[in-house]
Amino acid sequence: MSKRVTVNLPDDVADRLGQESNASAYVTEAVRDRMEREQTRALLADHGIPVTEEGLARARRRRLTAGARMTPQRREELRQLGRSV
């Protein structure tokens, strides 16, 4: 079942949606991704792990730093160990 909804979007977002062959599917996926993130945050908070913008920013910096240090050789070593990178 589906429901028609009218929304107002900024020009850049509307232009991007105009490039999609199925804008409804694109928006549905984006909203469901957002819902999943919200559910994950709520679940973590229920278990005493609050997710803050500061914590997310710190995690992103750590991930970018680790990614920058990842060499092709190390990536292959981890792949052979069965760890995805």
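This is a predicted model: local features need pLDDT of at least 70, side-chain atom pairs count only at pLDDT 80 or more; totals for chains, interfaces and linings use all residues.
1. A pocket here is an open set of points on a 1 Å grid over the protein atoms alone, where a 1.4 Å probe fits, with protein on both sides within 12 Å along at least five of seven lines.

2. Val5, Ala23, Ser24, Val27 and Thr28 are the closest to the pocket centre among its 14 lining residues. Lining residues have an atom within 4 Å of a point. Helix α2 (residues 23-46) gives the largest share, eight residues. By type, the lining has nine nonpolar, three polar and two charged residues. Ala, Val, Leu, Ile, Met, Phe, Trp, Tyr, Cys and Pro count as nonpolar; Asp, Glu, Lys and Arg as charged; the others, Gly among them, as polar.

3. Fold. The protein has four helices and zero strands. The pattern along the sequence is α-α-α-α. Helices (H or I, at least four residues) and strands (E, at least two) are DSSP runs, numbered from the N terminus.

4. Overall dimensions. The radius of gyration, taken over C-alpha atoms, is 19 Å, whereas a compact globule of 85 residues would be near 12 Å. The globule rule is 2.2 Å times the number of residues to the power 0.38. The C-alpha atoms fill a box of roughly 50 × 35 × 30 Å along the principal axes.

5. Burial. Buried residues are 2% of the 85. Buried means under 20% relative accessible area, exposed over 50%, partly exposed in between (1.4 Å probe, protein chains only).

6. Salt bridges. The count is six, each a side-chain nitrogen of Lys or Arg within 4 Å of a carboxyl oxygen of Asp or Glu. Glutamate 20 pairs with arginine 16, closest N and O atoms 2.6 Å apart. Glutamate 20 is partly exposed at 26%, and arginine 16 is partly exposed at 34%.

7. Bridges within helices. Arginine 34 and glutamate 38 form a salt bridge at 3.2 Å. They lie four residues apart in helix α2, so about one helical turn separates them. Glutamate 54 and arginine 58 meet at 3.5 Å, N to O. They too are four residues apart, in helix α3 (residues 53-69). Glutamate 54 is exposed at 59%; arginine 58 is partly exposed at 43%.

8. Basis. Local features need pLDDT of at least 70, side-chain atom pairs count only at pLDDT 80 or more, and totals for chains, interfaces and linings use all residues. Residues are numbered from 1 along each chain as its sequence is written, and side-chain values use heavy atoms, without hydrogens and water.
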